Amino acid sequence: MGELIARVGACGLRAGAGRGGDGRSHFTALTAAIVGQQLSPKAADTIFARVVALGPGGKLPDPAGLLEIPEDVLRTAGLSGSKARSMRDLAARIVEGTLRLEALDAMDDEEIITSLSQVRGIGRWTAEMFLMFQLGRPDILPVGDLGVQKGLVRLFSLRKLPRPERMHTLMRPFRPHRSVACWYLWRLNEMPADVLRPPRRGR
(Lines give C-alpha, C1' and ligand atoms only; values in the text may rest on other atoms or scores of the structure.)
Protein backbone atom coordinates (compact mmCIF):
# COMPACT_ATOMS: atom_id res chain seq x y z
CA MET A 1 0.00 0.00 0.00
CA GLY A 2 2.86 2.37 0.74
CA GLU A 3 4.23 1.92 -2.76
CA LEU A 4 0.77 2.47 -4.25
CA ILE A 5 0.29 5.69 -2.30
CA ALA A 6 3.72 6.91 -3.41
CA ARG A 7 2.82 6.26 -7.06
CA VAL A 8 -0.67 7.79 -6.95
CA GLY A 9 -0.03 10.78 -4.71
CA ALA A 10 -2.37 12.54 -2.30
CA CYS A 11 -5.83 11.08 -1.69
CA GLY A 12 -8.62 12.83 -3.58
CA LEU A 13 -11.45 12.20 -1.12
CA ARG A 14 -13.11 15.46 -0.09
CA ALA A 15 -16.25 15.65 2.05
CA GLY A 16 -19.19 17.19 0.24
CA ALA A 17 -17.46 17.28 -3.11
CA GLY A 18 -19.32 14.46 -4.85
CA ARG A 19 -17.88 13.06 -8.03
CA GLY A 20 -17.99 16.46 -9.69
CA GLY A 21 -16.26 18.31 -6.88
CA ASP A 22 -19.09 20.86 -6.75
CA GLY A 23 -19.93 20.99 -3.05
CA ARG A 24 -23.37 19.53 -3.75
CA SER A 25 -26.13 19.33 -1.15
CA HIS A 26 -27.18 16.04 0.43
CA PHE A 27 -30.35 15.97 -1.69
CA THR A 28 -28.38 16.62 -4.87
CA ALA A 29 -25.83 13.95 -3.95
CA LEU A 30 -28.52 11.34 -3.32
CA THR A 31 -30.45 12.09 -6.50
CA ALA A 32 -27.19 11.89 -8.45
CA ALA A 33 -26.43 8.57 -6.75
CA ILE A 34 -29.80 7.17 -7.83
CA VAL A 35 -29.24 8.33 -11.40
CA GLY A 36 -25.74 6.85 -11.50
CA GLN A 37 -26.58 3.33 -10.38
CA GLN A 38 -25.30 0.74 -12.90
CA LEU A 39 -24.23 3.45 -15.35
CA SER A 40 -20.84 4.70 -16.51
CA PRO A 41 -19.84 8.08 -15.04
CA LYS A 42 -20.27 9.75 -18.44
CA ALA A 43 -23.78 8.38 -19.00
CA ALA A 44 -24.77 9.22 -15.41
CA ASP A 45 -23.54 12.81 -15.73
CA THR A 46 -25.44 13.26 -19.00
CA ILE A 47 -28.75 12.00 -17.59
CA PHE A 48 -28.34 13.90 -14.32
CA ALA A 49 -27.75 17.13 -16.27
CA ARG A 50 -31.05 16.52 -18.08
CA VAL A 51 -32.82 16.01 -14.75
CA VAL A 52 -31.32 19.22 -13.41
CA ALA A 53 -32.49 21.05 -16.54
CA LEU A 54 -36.10 20.16 -15.67
CA GLY A 55 -35.95 22.50 -12.69
CA PRO A 56 -36.55 26.25 -12.59
CA GLY A 57 -33.67 28.24 -13.98
CA GLY A 58 -31.89 25.07 -15.01
CA LYS A 59 -31.31 24.06 -11.39
CA LEU A 60 -32.27 20.83 -9.68
CA PRO A 61 -35.72 21.27 -8.11
CA ASP A 62 -36.02 21.04 -4.36
CA PRO A 63 -37.84 17.94 -3.05
CA ALA A 64 -41.28 19.58 -3.22
CA GLY A 65 -40.59 20.83 -6.72
CA LEU A 66 -39.39 17.44 -7.88
CA LEU A 67 -42.65 15.85 -6.71
CA GLU A 68 -44.51 18.22 -9.04
CA ILE A 69 -42.70 16.75 -12.05
CA PRO A 70 -44.67 13.77 -13.41
CA GLU A 71 -42.87 10.45 -13.66
CA ASP A 72 -43.20 10.37 -17.43
CA VAL A 73 -41.48 13.75 -17.67
CA LEU A 74 -38.62 12.51 -15.51
CA ARG A 75 -38.29 9.56 -17.84
CA THR A 76 -37.80 11.88 -20.82
CA ALA A 77 -34.49 12.83 -19.19
CA GLY A 78 -33.34 9.24 -19.61
CA LEU A 79 -34.35 7.80 -16.24
CA SER A 80 -35.78 4.31 -16.02
CA GLY A 81 -39.19 4.00 -14.43
CA SER A 82 -37.59 2.45 -11.37
CA LYS A 83 -35.11 5.31 -10.93
CA ALA A 84 -37.82 7.92 -11.45
CA ARG A 85 -39.92 6.30 -8.72
CA SER A 86 -36.88 6.09 -6.44
CA MET A 87 -36.16 9.77 -6.91
CA ARG A 88 -39.77 10.68 -6.15
CA ASP A 89 -39.77 8.43 -3.08
CA LEU A 90 -36.66 10.22 -1.79
CA ALA A 91 -38.30 13.60 -2.33
CA ALA A 92 -41.57 12.47 -0.72
CA ARG A 93 -39.84 11.21 2.42
CA ILE A 94 -37.98 14.51 2.78
CA VAL A 95 -41.17 16.55 2.33
CA GLU A 96 -43.06 14.33 4.78
CA GLY A 97 -40.26 14.63 7.32
CA THR A 98 -39.63 10.89 7.61
CA LEU A 99 -36.12 11.47 6.24
CA ARG A 100 -34.32 14.49 7.65
CA LEU A 101 -31.18 15.04 5.63
CA GLU A 102 -29.94 17.75 7.97
CA ALA A 103 -29.83 15.18 10.78
CA LEU A 104 -27.58 12.75 8.92
CA ASP A 105 -24.34 14.52 9.79
CA ALA A 106 -24.82 13.80 13.49
CA MET A 107 -25.64 10.08 13.02
CA ASP A 108 -23.15 7.25 13.11
CA ASP A 109 -22.40 5.29 9.95
CA GLU A 110 -24.80 2.39 10.51
CA GLU A 111 -27.64 4.71 11.51
CA ILE A 112 -27.21 6.58 8.23
CA ILE A 113 -27.15 3.36 6.21
CA THR A 114 -30.34 2.19 7.92
CA SER A 115 -32.05 5.55 7.40
CA LEU A 116 -31.16 5.90 3.72
CA SER A 117 -31.91 2.26 2.94
CA GLN A 118 -35.57 2.94 3.67
CA VAL A 119 -35.73 4.93 0.43
CA ARG A 120 -36.77 2.96 -2.63
CA GLY A 121 -33.73 2.13 -4.74
CA ILE A 122 -31.12 3.08 -2.14
CA GLY A 123 -29.27 0.08 -0.73
CA ARG A 124 -26.25 -0.35 1.44
CA TRP A 125 -23.71 0.31 -1.34
CA THR A 126 -25.33 3.61 -2.35
CA ALA A 127 -25.49 4.68 1.29
CA GLU A 128 -21.82 3.78 1.75
CA MET A 129 -20.84 5.88 -1.28
CA PHE A 130 -22.80 8.77 0.28
CA LEU A 131 -20.91 8.28 3.53
CA MET A 132 -17.55 8.31 1.77
CA PHE A 133 -17.97 10.99 -0.87
CA GLN A 134 -20.60 13.30 0.61
CA LEU A 135 -20.01 13.09 4.36
CA GLY A 136 -16.32 12.26 4.20
CA ARG A 137 -16.57 9.42 6.72
CA PRO A 138 -13.04 8.03 7.01
CA ASP A 139 -13.56 4.37 7.85
CA ILE A 140 -16.05 2.93 5.34
CA LEU A 141 -15.47 -0.49 3.78
CA PRO A 142 -17.99 -1.25 0.99
CA VAL A 143 -17.56 -5.02 0.82
CA GLY A 144 -20.03 -5.23 -2.07
CA ASP A 145 -17.97 -2.95 -4.29
CA LEU A 146 -16.38 -4.85 -7.18
CA GLY A 147 -13.65 -2.24 -7.60
CA VAL A 148 -12.53 -2.67 -4.00
CA GLN A 149 -12.63 -6.45 -4.38
CA LYS A 150 -10.50 -6.34 -7.54
CA GLY A 151 -8.10 -3.89 -5.91
CA LEU A 152 -7.55 -6.28 -3.02
CA VAL A 153 -6.89 -9.13 -5.46
CA ARG A 154 -4.13 -7.08 -7.04
CA LEU A 155 -2.71 -5.63 -3.84
CA PHE A 156 -2.46 -8.97 -2.06
CA SER A 157 -2.02 -11.23 -5.13
CA LEU A 158 -5.17 -13.19 -4.32
CA ARG A 159 -6.40 -16.00 -6.55
CA LYS A 160 -10.05 -14.92 -6.48
CA LEU A 161 -12.31 -12.12 -5.32
CA PRO A 162 -12.39 -12.05 -1.52
CA ARG A 163 -15.55 -12.66 0.49
CA PRO A 164 -16.72 -9.99 2.95
CA GLU A 165 -15.11 -11.70 5.96
CA ARG A 166 -11.79 -11.91 4.13
CA MET A 167 -12.07 -8.25 3.10
CA HIS A 168 -12.55 -7.19 6.70
CA THR A 169 -9.47 -9.16 7.70
CA LEU A 170 -7.31 -7.77 4.89
CA MET A 171 -8.43 -4.19 5.52
CA ARG A 172 -8.03 -4.32 9.30
CA PRO A 173 -4.53 -2.74 9.24
CA PHE A 174 -5.97 0.35 7.52
CA ARG A 175 -8.50 1.17 10.22
CA PRO A 176 -9.66 3.85 10.96
CA HIS A 177 -8.90 5.07 7.41
CA ARG A 178 -10.42 2.35 5.25
CA SER A 179 -12.21 4.90 3.07
CA VAL A 180 -8.82 6.24 2.05
CA ALA A 181 -7.51 2.72 1.45
CA CYS A 182 -10.52 2.00 -0.79
CA TRP A 183 -9.84 5.15 -2.79
CA TYR A 184 -6.32 3.91 -3.50
CA LEU A 185 -7.63 0.46 -4.42
CA TRP A 186 -9.88 2.08 -7.02
CA ARG A 187 -6.88 3.95 -8.41
CA LEU A 188 -4.91 0.69 -8.51
CA ASN A 189 -7.51 -0.77 -10.88
CA GLU A 190 -6.75 2.05 -13.33
CA MET A 191 -3.03 1.30 -13.40
CA PRO A 192 -1.03 -1.19 -15.52
CA ALA A 193 -1.21 -4.81 -14.40
CA ASP A 194 2.45 -4.99 -13.42
CA VAL A 195 2.64 -1.69 -11.58
CA LEU A 196 3.29 -3.23 -8.15
CA ARG A 197 5.30 -6.23 -9.27
CA PRO A 198 8.92 -6.31 -8.12
CA PRO A 199 11.42 -5.64 -10.95
CA ARG A 200 13.08 -8.68 -12.51
CA ARG A 201 16.61 -9.34 -11.44
CA GLY A 202 19.23 -9.57 -14.15
CA ARG A 203 20.99 -12.84 -14.64
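I began with the lining of the second largest pocket: by class it has 4 nonpolar, 1 polar and 6 charged residues. For the classes I took Ala, Val, Leu, Ile, Met, Phe, Trp, Tyr, Cys and Pro as nonpolar, Asp, Glu, Lys and Arg as charged, and the others, Gly among them, as polar.

Ground rules next. The model is predicted: local features need pLDDT of at least 70 and side-chain atom pairs pLDDT 80 or more, while totals for chains, interfaces and linings use all residues. Residues are numbered from 1 along each chain as its sequence is written, and side-chain values use heavy atoms, with hydrogens and water left out.

**Pocket**

I listed the lining: Asp109, Glu110, Ile113, Arg124, Glu128, Asp139, Ile140, Leu141, Val143, His168 and Arg178. A pocket here is an open set of points on a 1 Å grid over the protein atoms alone, where a 1.4 Å probe fits, with protein on both sides within 12 Å along at least five of seven lines; lining residues have an atom within 4 Å of a point. The second largest pocket holds about 170 Å³ of space, counted as the space filled by probe spheres set on points joined across faces, edges and corners. Helix H7 (109-116) and H8 each supply at least two lining residues. H7 gives the largest share, 3 residues.

**Aromatic pairs**

I looked for rings of Phe, Tyr and Trp (its six-membered ring) with centres within 6.5 Å; planes under 30 degrees apart are stacked, over 60 edge-to-face, the rest tilted. I got 2 aromatic pairs. Phe133 and Trp186 are stacked, at 5.8 Å centre to centre and 20° between the planes. This pair links distant parts of the chain, with Phe133 in H8 (residues 124-133) and Trp186 in H11 (residues 178-189), 53 residues apart. Phe133 is partly exposed at 27% relative accessible area, whereas Trp186 is buried at 13%. My cut-offs were under 20% for buried, over 50% for exposed and partly exposed in between (1.4 Å probe, protein chains only).

Trp183 and Tyr184 are edge-to-face, at 5.0 Å and 90°. Both Trp183 and Tyr184 are buried. Arg187 lies over the face of Trp183, 4.8 Å from the ring centre. That call needs NZ of Lys or CZ of Arg within 6 Å of the centre and within 35 degrees of the ring normal.

**Whole chain**

I counted 11 helices and 0 strands, as DSSP runs numbered from the N terminus (helices H or I, at least four residues; strands E, at least two). The C-alpha trace spans about 70 × 30 × 30 Å along its principal axes. Buried residues make up 44% of the 203.
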